[in-house]
Each structure stands twice: as structure tokens, then as C-alpha cells.
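Please look at the sequence and the 3D structure below. The briefing that follows goes through a few topics in turn.

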4 protein chains.
Amino acid sequence: MQQSLTNTIEIEVKFSDVDMLGVVWHGNYIRYFEDGREAFGKQYGLGYMDVYNAGYVVPIVNVNCDYKRFLRYEDRVIIETVYTPTESAKINFAYRLLNAQTDELIVKGSTVQVFVHRDNFELQLTNPDFFLDWKQKHGLI
Amino acid sequence: MQQSLTNTIEIEVKFSDVDMLGVVWHGNYIRYFEDGREAFGKQYGLGYMDVYNAGYVVPIVNVNCDYKRFLRYEDRVIIETVYTPTESAKINFAYRLLNAQTDELIVKGSTVQVFVHRDNFELQLTNPDFFLDWKQKHGLI
Amino acid sequence: MQQSLTNTIEIEVKFSDVDMLGVVWHGNYIRYFEDGREAFGKQYGLGYMDVYNAGYVVPIVNVNCDYKRFLRYEDRVIIETVYTPTESAKINFAYRLLNAQTDELIVKGSTVQVFVHRDNFELQLTNPDFFLDWKQKHGLI
Amino acid sequence: MQQSLTNTIEIEVKFSDVDMLGVVWHGNYIRYFEDGREAFGKQYGLGYMDVYNAGYVVPIVNVNCDYKRFLRYEDRVIIETVYTPTESAKINFAYRLLNAQTDELIVKGSTVQVFVHRDNFELQLTNPDFFLDWKQKHGLI
């Protein structure tokens, strides 16, 4: 049984991502995580609209980010987004950002998302059916 | 008859506003204009919710910005937002940003907004009643 | 003699680009222009580092943007960046953003950049040699 | 002996902070943390320029954020920034964001910063003298 799913994309550091020290401003990595998560959603059928059409939105309830090295303007970055299985009614992702030229680890991070009903933002305490179906389809349960 | 209304606020350049040349990234001035416009809306009763409650939203259809000098981290900035009367169904603002320490002109700009119905985003071609009332209240017509 | 150079890229609207009205926040188009300008620079050898290595940086002194239609989350956008020849010591670009699905014009805009010496930010009043060389190479003079 | 120092500021949610679900986009809280940290630096003499003039910059090496509730456009937010003493050569802050109207906890978070030499970005493994002086001045050692 498969224990994880991974999406990998490559992006480039934009001029407006870089701060006055000449390195990517730390807050912008949260956007890079979102870039990775959106690409994962497209690859595996767990995108915003897939979730929305099933009646839910999935807000972030925790983000954690460890910064190991810097990125500079025009650096190319590999974003690895890994789905981390959990039995609780959550979506957990782990992220690794690598410098595409040097293969050095730049940033490690994680996010936790919960399911809330799209119409009233009420928390869904158990796994929604569509999500159990998704897990089954991908050999995660 | 009064020909213009002005709001003035003072803000400070944040670390994340500055680019790798050590000056405010040019795109961030659009946010500064919005800061000025929102403060104007509060002072004169033309805020987002005032407009929304009257049945409209007022998207930007033109923005123009002339950059004269640079701002740096921790510079204090005066934002002057001036309502520019027009007979057409639009809201026109002119902006001047001044360095609060030196009084130098940093940026001049303008925005044009139109009225669209909040429910279907359809363009309103004539001045809405609430806006004519607002103009009258402020001696603009 | 060629009168213009064009770069075309396609990008996708990100979740964090969209405002609470469900459309791309107007200020984010300034970043889209920059995406186009950077891609132009790469295609034609007029990138940030090309300019920097020649001793200059090229700050924006004017940006203008006309908003015609809205973009929504996950819309794909074509960014056309067109170099507009001028004899003065400036770099002028015109931009057209099109909805890649419908081919509708979303936004038209322009930027003007000047040359300043990278070490002291002093304005260069005449065309730098490297820029005349660049124009000649691309059949613009 | 005092065990912590706290700065408190109040800010307002801007239109451009809010995402298409009508709530503050999760990545923008990283900027709110920075707003709090900058205000702390001013209050207690540990600002960017204080650190820079002592020969260092203090990049973030970890950020963690727990999201408890949502903020909406025009909500007023209290940002509490608390310095958390540590003997290692780091600067640790804890953050609490409260809805200023309801006093509800919105977000809890933390950041860790290290000292790097401003000229070569090399890591400083022991507490710099200026920082020990700062701690002593504020009764932390």
C-alpha cells in the first residue's frame, strides 16, 4: 500500500520576491508552498474546485517552515509537495524546496488543513466521503 | 462650491515593501493608493461597505502612477488622496505621496473607478442615487 | 527595419492573486507586467543582470493600466510584452493581457523605465552604449 | 528578574489582505508578525538598523503559525509580540493576534532568528556583544 504521493514543480525567483538583503523574503515561501499544493491538487484531483464542488473548503490551520539556506533573484527552485497520510479529518502536506542548480535544501515545511462546509464555514469533524473516496482511489486506505 | 475633498494619512515603509535595490518596489505604491482611498472612504462616508450596502462595488478601471523619487525602509510617507469631481458615473482620485521627513514629492498618481452592481457585476452607466446624495452632502453638486 | 519586439508568455491566476470579490486584485497586474518584462529580458538579452553588468539599473518612472475585464482563480492569462521604440534614454513597454481560454482582452498597460547608474542611482540622460548596441543588434536603429 | 518583554500594536485588515473566501489569506499573517516584530524593535531598541549598525542581520530560520479563527476586511487586530528568552545565539518571539472587537484569539505563532554577519552572511555561533548588552539593559540576564 502506497504511503505517500508527491508532486514536483520548478519555479523561478521573481524580482518582487526578493528583499533588500538580496534574498527571498521569508514570507514568500508560504506562497511557494501554495504553488506546490495547487500543483499537487491538479495532479491528483484534489484541487480547490474539486474540494469546493464536494461542498467543502480546506483552510490552513498550521504552517511551519524551517529556513536552511537563501534563494536569490532568478534562482530556480524545485518544490516537492508530499501528501502525508493521517486518519484524522485533515490534509497534511510536507514541503521541500531545493535549489535546482545546486540541489541544496533551501526550506522544509509543512501545512495542516481542515475541512469546513463551504456555505457556513462550520468545521467537519470526520473525513468527508469525497475525501475517503480520494484516499481509496490513490491506494492510501 | 467646494471643488475637492482631501484625506491625508501617514504610513511607514515596511521591510517587506522594499526590493533588492533597497527602495520600495514600484508595485507596492498601488497598495499605498488603496490605503489612501480607504482612509478617504472612512473620513467622508464612501468606504467599501457604504458602497456595498448601497448595492454596488467600484472596481478600478484605470491606474496611473508617476515615480519621481525613491522611498527606503522605515521612511515615513504622507499619502494625500484627493477626490476629483466628474459628471460621469465614475469615482476619480488623485494621489500625492510625500516623504514626511523631507516633504519631497515621491509619487503622483490617479485612479478611476466605475460602479457595477454587486450581485451581477453589471456596469451602472449613470450615477447611482446614493452617490448623487453623497456628492450633494459634500457640496460637490 | 523592425519597429517592435514582442514576448509572449502564459501564466495562471493563483489563489493568493484573487481578492474578496473573486477577481484578481488590480494591484497584482503590476506583477504580471513584471513577469512579462522579465520574460522579454530573457528572450532578447535585456534582463536585469544584462543591464546591471553594463553598469545600470532601470527603475520604473511611469506605469499605466487600463482594466477591461476580470480574471478569476485558475484562469490562464497570456501576457504580451511589446518593446516600443523611442529615441529618448528610456525603455518603453506596452502590455496586453488576454484570457487564454476566451482570447478576450483583460488589461492594457504600459511602463516607462529610465537608466540610473547602479552605484549612485544618478540618472543617465543619454542612451548608454550597451543599449544602443542592443537596439542595433535587434534592428531597431 | 524580568522574564519577557511585550509589544502591543493594533492594525486593521486591508482589502488586499483578504482572499476570495472573504478572510485574511493565511500567508499574510507572516507580514503581521513582521509588523509586530518591527514595532517591538522600535520600542526596545532592537530594530533592523540597531542590529545592522552592530554588524549583523538576523534572518528568520523558523516560523510557525497556528490559525484558530478568521479575520475579515476592516477587522481591527491586536498584535502581541513577546520576546522569549533563550541562552542560545538566537532571537525568539512568540505572537498572539486577537480580534480587537471581540478579544478572540485569531492566531498564535513564533519565529526564531539567528545572527549572521552583515557583510558575508556567515553565521555567528555565540551571542554578539551588542545583544548581551541589550539583554542586560532589559533585565533579561
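Leaving aside its neighbours within four places in sequence, which residues is D:Glu38 in contact with? They are B:Lys14, B:Phe15 and B:Tyr73, where contact means heavy atoms within 4.5 Å. This is a predicted model, in which local features need pLDDT of at least 70, side-chain atom pairs count only at pLDDT 80 or more, and totals for chains, interfaces and linings use all residues. Residues are numbered from 1 along each chain as its sequence is written, chains are lettered from A and ligands numbered from 1 in the order in which they are written, and side-chain values use heavy atoms, with hydrogens and water left out.

**A buried charge**

- D:Glu38 is located in helix α1 (residues 28-44) of chain D; helices are DSSP runs of H or I with at least four residues, strands are runs of E with at least two, and both are numbered from the N terminus.
- D:Glu38 is buried but has no salt bridge. Buried means under 20% relative accessible area, exposed over 50%, and partly exposed in between, with a 1.4 Å probe and protein chains only. A salt bridge needs a side-chain nitrogen of Lys or Arg within 4 Å of a carboxyl oxygen of Asp or Glu.
- The nearest side chain of opposite charge to D:Glu38 is B:Lys14, 5.7 Å away; Lys and Arg count as positive, Asp and Glu as negative, and His and the chain ends are not counted.

**Aromatic rings**

- Over all chains there are 84 aromatic pairs. Rings of Phe, Tyr and Trp (its six-membered ring) pair if their centres lie within 6.5 Å; planes under 30 degrees apart count as stacked, over 60 as edge-to-face and the rest as tilted.
- A:Phe40 and A:Phe93 make an edge-to-face pair, 4.8 Å centre to centre with 70° between the planes.
- This pair links distant parts of the chain, 53 residues apart: A:Phe40 is in helix α1 and A:Phe93 in strand β5 (residues 90-99) of chain A.
- A:Phe40 is buried at 0% relative accessible area, and A:Phe93 is buried at 4%.
- B:Phe115 and B:Phe131 have ring centres 5.0 Å apart and planes at 55°, so this pair is tilted.
- Both B:Phe115 and B:Phe131 are buried.

**Charges over rings**

- The charged end of A:Arg118 sits over the ring of A:Tyr52, 4.4 Å from its centre; this requires NZ of Lys or CZ of Arg within 6 Å of the ring centre and within 35 degrees of the ring normal.
- In chain D, D:Arg118 lies over the face of D:Tyr52, at 4.4 Å from the ring centre.
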